[in-house]
Amino acid sequence: MSESRALTLPVGLSGALEPLAEVWVYLAATPLFGLTLTLGAYVIAERVSARSGRHPLANPVLWSVLAIIVVLAATGTPYRRYFEGAQFVHFLLGTATVALAVPLARLWPELRARAGTLLLALLLGAATSITVALGTAWALGGSKLILASLLPKSVTAPIAMGIAERIGGSATLAAVFAVTTGIVGALIVTPLLNALSVRDWAARGFAAGLAAHGIGTARAWSIHPRAGAYASLAMGLHGIAGALLLPWLARWLVG
């Protein structure tokens with residue numbers, strides 16, 4: 001009798017789980033699985049982040065990624081099947097990126113007046129990113145493949161993947177480096193700028209978007225709309241500059 005109880009669920013609990021099991025079986029067999037998992041993970045992570053007062057360690061992108069990895073590993077779901085549904089969110093990234101032009105248009109007179117300063121900050125920030133990343137990799141004995149994949153780490157992931165393939169790197173590694181850079185940047189940007197006594201929202205946002213692309217920009221928007229607008233500008237300018245200049249610079253920096 002005890003063995004029977006150990007192997008079966010109580011009637012009430014079993015009845016409560018049956019609808020969930022049916023939903024799981026349905027979702028697992030359709031592209032809705034990836035879409036539902038992505039949205040569900042982010043909604044939960046976003047609520048946790050909001051309740052924590054937007055603490056840097058409660059970054060919703062970071063915890064969403066970790067949650068999705070755990071679920072895929074636990075269920076044995078191939079990434080390709082997951083992406084069949086998640087690609088709908090991926091498609092909307094283009095629309096979201098274009099929408100970032102709206103706050104920039106509102107700040108156009110101010111941005112035009114500060115064009116020289118912003119351009120200088122862009123060039124110095126991009127140069128620092130490249131120097132630190134490649135210098136560290138070179139000192140640790142990184143191969144040409146690693147160097148070429150690491151070079152575009154601070155531009156947004158889709159652009160970084162294209163650049164890496166063009167200069168002899170790995171698109172997969174470039175995506176990993178870019179996403180990791182974005183997550184780490186979003187985690188440290190607030191405490192780091194606080195420690196440096198940088199109070200201006202424009203400067204804080206531009207630094208976040210320049211160093212940590214889309215994920216850093218999302219972090220900036222969650223803190224202050226002015227920081228978000230400048231982060232959007234930095235991300236866009238860095239992406240354009242990277243796509244145009246990095247393949248040319250790679251001839252000397254990567255070999």
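Q: Within what distance do the axes of helix 8 (residues 115-139) and helix 13 (residues 225-253) come, and at what angle do they cross?
A: In this predicted model, the axes of helix 8 and helix 13 come within 10 Å. They cross at roughly 50°.

Q: Is the crossing of helix 8 and helix 13 right-handed or left-handed?
A: The crossing of helix 8 and helix 13 is right-handed.

Q: Which residues make the contact of helix 8 with helix 13?
A: Helix 8 contributes Leu-118, Leu-122, Ala-126, Ile-130 and Leu-134. Helix 13 contributes Tyr-230, Leu-233, Leu-237, His-238, Leu-246 and Leu-253. By class, this contact has 10 nonpolar residues, 1 polar and no charged ones.

Q: What makes the contact of helix 3 with helix 4?
A: On helix 3, the residues are Phe-33, Leu-37, Thr-38, Ala-41, Tyr-42, Ala-45, Glu-46 and Ser-49. On helix 4, they are Pro-60, Val-61, Trp-63, Ser-64, Ala-67, Ile-68, Val-71 and Leu-72. By class, the contact of helix 3 with helix 4 divides into 12 nonpolar, 3 polar and 1 charged.

Q: How do you know whether Ser-49 is buried or exposed?
A: Buried means under 20% relative accessible area. Ser-49 has 2%, so Ser-49 is buried. Ser-49 lies in helix 3. Beyond its neighbours within four places in sequence, Ser-49 is in contact with Arg-54, His-55, Ala-58 and Pro-60.

Q: Why does Val-48 count as partly exposed?
A: Buried means under 20% and exposed means over 50%, with partly exposed in between. Val-48 has 48% relative accessibility, so Val-48 counts as partly exposed. Val-48 is found in helix 3. The C-alpha atoms of Val-48 and Trp-63 are separated by 9.7 Å, and the two residues are 15 residues apart along the chain.

Q: What makes Tyr-82 count as buried?
A: The cut-off for buried is under 20%. Tyr-82 has 7% relative accessibility, so Tyr-82 counts as buried. Tyr-82 is found in helix 5 (residues 79-99). Leaving aside neighbours within four places in sequence, Tyr-82 is in contact with Gly-34, Leu-37, Thr-38, Ile-68, Leu-72 and Thr-77. Tyr-82 and Leu-72 are 10 residues apart along the chain, and their C-alpha atoms are separated by 8.0 Å.

Q: How do you know whether Arg-204 is buried or exposed?
A: Again, buried means under 20%. At 9% relative accessibility, Arg-204 counts as buried. Arg-204 lies in helix 12 (residues 201-223). With neighbours within four places set aside, Arg-204 is in contact with Thr-190, Leu-193, Asn-194, Val-198 and Arg-199. Arg-204 and Val-189 are 15 residues apart in sequence and 8.1 Å apart in space, C-alpha to C-alpha.

Q: What is the phi of His-213?
A: Most residues other than glycine have a negative phi. His-213 has a positive phi of about 35° although it is not a glycine. His-213 is found in helix 12. With a relative accessible area of 4%, His-213 is buried.

Q: Where is Ser-197 placed?
A: Ser-197 is in the loop between helix 11 (171-195) and helix 12. Phi of Ser-197 is near 60°, a positive value in a residue other than glycine.

Q: How many helices and strands does the protein have?
A: The secondary structure comes to 13 helices and 0 strands. Buried residues make up 36% of the 255 residues.

How values were computed. Residues numbered from 1 in each chain as written. Predicted model: local features only at pLDDT ≥ 70, side-chain atom pairs only at ≥ 80, totals over all residues. Heavy atoms only, no water. Helix = DSSP H or I, 4+ residues; strand = E, 2+ residues; numbered from the N terminus. Buried < 20%, exposed > 50% of the residue type's maximum accessible area, 1.4 Å probe, protein only. Contact = heavy atoms within 4.5 Å. Nonpolar A, V, L, I, M, F, W, Y, C, P; charged D, E, K, R; others polar. Axes fitted to C-alpha atoms, helices over the stretch in contact; angles between N-to-C directions. Left-handed = near helix turned anticlockwise from the far one by under 90°.
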